Amino acid sequence: MTTAGAELTLRHPVERFTLDNGLRVVLAPDRSVPVVAVSVFYDVGMRNEPEGRTGFAHLFEHMMFQGSANVPKMEHARLVQAAGGTFNGSTHQDYTNYFEALPAEALERALFLEADRMAAPAITEENLRNQIDVVKEEIRVNVLNRPYGAFPWLQLPQIAFDSFANTHDGYGSFVDLESSTVDDATDFFSRYYAPGNAVLCIGGDLDVAETERLIQRWFGPVAARPVQPIPATGEPLPTEVRTAVVEDALAPAPALAIGWRVPDPIGDFDSYLGTVLLAEVLSEGDASRLERRLVHDDRIAIAQSSYVGLFGDPFDVRDATLLTTQVHHPAAVPVDRVRAAVNEEILRVATDGVGADELGRVQARTEAQLLRQADSVLGRTLGFAAAELVHGRAELAGELAARLAAVTPDQVRDAARGLDPDTAAVLELRATGGRR
Amino acid sequence: MTATLDYSLVPPLGEPRPQPVPEAHETTLPNGLRVVVVPRPGVPLIELRLRVPFAARTALAAGEHTARGAVLSGAVLLGTGAHDQAGIAELLQSHGAELSISTDPDRLLFATTMLPGGLGPVLGLLAELLTDATYPDGPVEGERDRVAERIAIARSQPGVIARTALAARRYGDHPYAIQLPDDHLVMAVDGDALRHLHRERVLPAGSSLVLVGDLDPRAVTDVVASALAPWSATGHAVEAPPAPEVRPPGIDIVDRPGAVQSNLRLGGPAPGRTDPALPAVRLANMIFGGYFSSRLVENIRERRGYTYSPRSSVDHQAAGSSFLVEADVATEVTGPALLETWYELGRMALTPVTDAELDGARRYILGSMALSTATHAGLASTLSALIGAGLPAEWLAEHQRALAAVTVEEVQDVSRRYLAAEALTAVIVGDAARIAEPLGALAPVSVAEDQETA
């Protein structure tokens with residue numbers, strides 16, 4: 001089961017170069033299907049937004065779809081979709097990305113569109129007011145008008161961390177969003193959207209020499225700007241338990257989230273890999289430790305999951321980050337009982353370790369999931385881009401299956417020893433408005 | 001920034017490269033199971049989909065059937081004669097697999113990915129589950145209790161409340177009216193009920209198995225035939241009875257006091273997969289609200305900022321297809337948002353779309369079909385849905401040719417029939433105290449309490 005990881009690396013050679021304006025370019029050709037994916041990753045995320053401007057990285061992502069120097073509003077979408085392609089963008093903790101998946105013959109069109117908005121997005125008062133309204137509706141759909149909307153991704157970091165970068169609401173307060181100005185947006189663009197602060201990654205059905213020529217043509221003219229060094233977002237390890245209770249008037253049943261600080265995802269990668277597999281040992285599927293204990297044996301949970309990274313991707317985040325265990329449980333089950341059972345299961349891994357057979361099964365499943373993600377040209381391209389931006393090596397995305405397959409039972413045991421119940425952040429959600 | 005696009009600046013599209021055509025090898029086994037194997041190089045994974053017809057026999061039986069199906073889909077993994085629950089989970093996991101089992105009003109679906117070496121063992125386990133699932137009484141009770149809790153959580157989601165209310169209003173006493181089973185029916189499920197349901201309804205005749213991967217079709221078909229030969233239960237698959245639309249007039253409001261948004265839902269009939277009107281309706285749907293470049297998105301999102309993700313879609317069920325419109329809008333603009341939505345529907349029905357709109361929609365559908373079938377998983381799911389509907393894999397290519405031939409006039413004709421506001425049932429979930437009065441200016445309004453908060 002370790003061969004496929006090596007195969008994956010070999011099947012997708014990575015080419016890279018840097019333009020004079022500082023834009024880093026990664027090409028991952030694979031001509032098996034006539035599809036190409038184009039992505040631009042800017043090195044600015046929710047953690048980098050200034051105080052008083054919560055939610056600005058995400059709001060600015062919306063502004064990048066409002067047209068640019070040579071592209072009127074709505075035409076970005078039309079030019080991609082009428083070529084048979086799909087597009088989107090997303091804001092993460094440490095980066096913001098923009099991407100298209102298209103028939104291979106539309107490659108140059110996508111390069112034109114990305115270069116045009118890298119040079120000059122249409123930041124106008126009218127577009128900004130419109131997108132503030134749209135973002136507020138997005139927050140209402142995903143957070144305010146639904147049960148468990150902020151749980152735990154907006155609420156747990158507030159107690160798990162100390163710095164503004166790590167604790168603030170990355171979706172943004174309505175006060176901050178509404179007071180945003182065109183000048184704020186122009187400053188943000190100038191500071192963070194320089195070509196030298198971005199990675200352009202293209203995967204799929206492409207010819208390397210021809211694509212390099214097209215990239216020079218469209219991105220070469222984008223003017224270089226100074227790039228600010230990225231402020232480190234790591235912070236000291238916690239030394240005590242932090243707890244909080246939130247009330248959810250829309251939720252019918254309570255929930256619990258426990259977050260533990262984990263090793264530096266970049267600086268301590270080998271330890272971190274043990275933590276990533278620990279999360280899988282704990283919660284992936286019916287064979288996992290917490291599914292068996294909480295759901296099937298003790299019957300004290302409705303559903304459980306454990307994951308590393310705020311949004312569940314362990315390989316696209318920098319320090320500081322968490323392993324989060326999230327449990328939905330019946331109202332009749334006391335939260336302390338759930339918490340004690342979780343801690344006991346982690347202690348069992350920390351004390352007795354995991355068997356090679358159990359870890360082998362988990363590694364097989366993890367490999368299948370990575371392969372599945374890599375089967376899509378877009379999924380693979382986004383993986384290469386995130387690895388280049390966050391880890392400085394696109395190749396890492398192709399090597400992950402093999403790296404995870406090499407993790408030993410001892411590494412997983414050591415990772416469990418790091419999940420100390422006495423330094424965890426514990427968030428309890430109380431269902432206050434439901435039927436019971 | 002410019003107001004109009006100068007096309008001379010935009011790089012032209014190159015010559016399209018040929019799309020690979022999936023090669024589907026179909027066999028019917030002696031037990032009646034249709035087996036479709038699609039050889040496809042690429043990642044070293046195999047995707048499996050087993051689709052079993054699972055409709056309720058009658059409207060009267062639909063509540064209980066839905067409740068039992070909801071529990072069965074989790075409980076089938078609780079044990080077989082040869083493996084306990086942990087043994088099943090470990091065997092699957094060791095081959096990179098995780099079997100997801102789900103029901104909808106038409107079918108029971110077993111789906112997984114797996115590493116290539118897992119095909120034999122996973123098929124062997126699948127045969128065990130199909131012929132020898134034990135539904136042990138104690139664990140079934142645990143699963144039943146969890147299903148009841150999960151349904152309660154689902155019913156607290158406004159999107160689920162809206163979907164449930166629209167289905168109930170459109171389908172009256174047809175089984176499709178029931179989206180989620182009632183709590184008391186779930187709590188009445190036990191091991192005996194599941195064993196009976198499984199014996200009666202989990203049958204090879206009418207079922208279909210799709211496998212996609214780097215496979216030798218003949219050898220793999222032999223492996224399947226041998227592994228699933230013990231699945232020999234006899235009986236006829238049950239398909240849902242025809243689903244007539246009720247089409248009640250006016251707007252139904254489901255009251256959710258204090259809601260900061262309203263969930264606007266419109267739904268009506270659409271042509272099925274073999275209806276010659278389908279290609280034109282799919283294109284009309286795209287132009288109206290089926291993708292970002294649509295009129296609805298441009299109007300109520302990009303011009304007015306009423307909503308984040310307005311959309312429309314064409315959805316197929318065995319006994320009836322649907323045209324659906326959805327928008328979650330700020331409470332204070334609920335009336336204007338419905339007005340603009342109706343305006344855009346009326347515009348589709350009464351005035352022609354432009355050639356550019358039609359060409360854009362056509363290229364998008366063709367391109368996104370190519371993208372969605374470019375992965376093993378996407379191709380397996382697409383083919384499973386087609387074959388489950390009784391259609392051959394060649395339907396994909398035929399449908400693409402039909403899309404290419406649709407004219408502006410045909411789009412307008414089908415829009416007048418299927419996209420007219422008059423043809424659509426309207427449900428809005430929101431704060432009745434704030435939205436009922438303005439909506440009453442557009443159409444007669446009736447208000448129902450949300451059952452869950454009542």
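At what angle do helix H2 (residues 56-63) of chain A and helix H5 (residues 125-144) of chain A pack, and how far apart are their axes?

**Figure 1. Packing of helices H2 and H5 in chain A of the predicted model.** The two helices pack at an angle of about 120°, with their axes 10 Å apart; axes are lines fitted to C-alpha atoms, for helices over the stretch in contact, and angles run from 0 to 180 degrees between N-to-C directions. H2(A) is therefore oblique to H5(A), given that angles under 35 degrees count as roughly parallel, over 145 as roughly antiparallel, 65 to 115 as roughly perpendicular and the rest as oblique. The crossing of H2(A) and H5(A) is right-handed; a crossing is right-handed if the near helix is turned clockwise from the far one by less than a right angle, and left-handed if anticlockwise. His58(A), Leu59(A), His62(A) and Met63(A) of H2(A) meet Asn127(A), Leu128(A), Gln131(A), Ile132(A), Val134(A) and Val135(A) of H5(A), where contact requires C-beta atoms, placed from the backbone, within 7 Å. By class, these residues comprise 6 nonpolar, 4 polar and no charged; Ala, Val, Leu, Ile, Met, Phe, Trp, Tyr, Cys and Pro count as nonpolar, Asp, Glu, Lys and Arg as charged, and the others, Gly among them, as polar. Helices (H or I, at least four residues) and strands (E, at least two) are DSSP runs, numbered from the N terminus.

Conventions for the views are as follows. Residues are numbered from 1 along each chain as its sequence is written, while chains are lettered from A and ligands numbered from 1 in the order in which they are written. This is a predicted model, in which local features need pLDDT of at least 70 and side-chain atom pairs count only at pLDDT 80 or more, whereas totals for chains, interfaces and linings use all residues.

**Figure 2. Packing of helices H9 and H12 in chain B.** Helix H9 (residues 278-290) of chain B and H12(B) pack at an angle of about 110°, and their axes are 9 Å apart. H9(B) and H12(B) are therefore roughly perpendicular to each other. The contact joins Arg282(B), Leu283(B), Met286(B) and Ile287(B) of H9(B) to Glu357(B), Leu358(B), Ala361(B), Arg362(B), Tyr364(B) and Ile365(B) of H12(B). Its residues divide into 7 nonpolar, no polar and 3 charged.

**Figure 3. The contact of chain A with chain B.** Each side is listed by residue count: 71 residues from chain B and 71 residues from chain A. Elements giving two or more residues to the side of chain B include helix H2 (85-94), strand E5 (107-114), helix H4 (137-155) and helix H12 (355-372) of chain B. H12(B) gives the most to this side, with 9 residues. The side of chain B that touches chain A holds 33 nonpolar, 23 polar and 15 charged residues.

**Figure 4. Cis peptide bonds in chain A.** The peptide bond from Phe151(A) to Pro152(A) is cis, with omega near -10°, and Pro152(A) lies in the loop between H5 and helix H6 (156-160) of chain A. A cis peptide bond also joins Asp319(A) and Ala320(A), with omega about 0°. Ala320(A) is placed in the loop between strand E9 (303-308) and strand E10 (322-328) of chain A. Most peptide bonds are trans.

**Figure 5. Positive phi at Met74(A) and Arg247(B).** Met74(A), a residue other than glycine, has phi near 75° and lies in the loop between H2 and helix H3 (75-81) of chain A. Met74(A) counts as partly exposed because it has 19 C-beta neighbours inside 10 Å; a residue is buried if 20 or more other C-beta atoms lie within 10 Å of its own, exposed if 12 or fewer, and partly exposed in between. Phi of Arg247(B) is near 50°, and Arg247(B) is found in the loop between helix H8 (217-228) and strand E7 (251-255) of chain B. With 15 C-beta neighbours inside 10 Å, Arg247(B) counts as partly exposed.

**Figure 6. Surroundings of Ala432(B).** Ala432(B) belongs to helix H16 (residues 432-440) of chain B and counts as buried, with 22 C-beta neighbours inside 10 Å. Not counting residues up to four places away in sequence, Ala432(B) touches Ile253(B), Asp255(B) and Val447(B). Ala432(B) and Leu78(B) are 354 residues apart in sequence and 44 Å apart in space, C-alpha to C-alpha.

Methods
Two residues are in contact if their C-beta atoms, placed from the backbone, lie within 7 Å.
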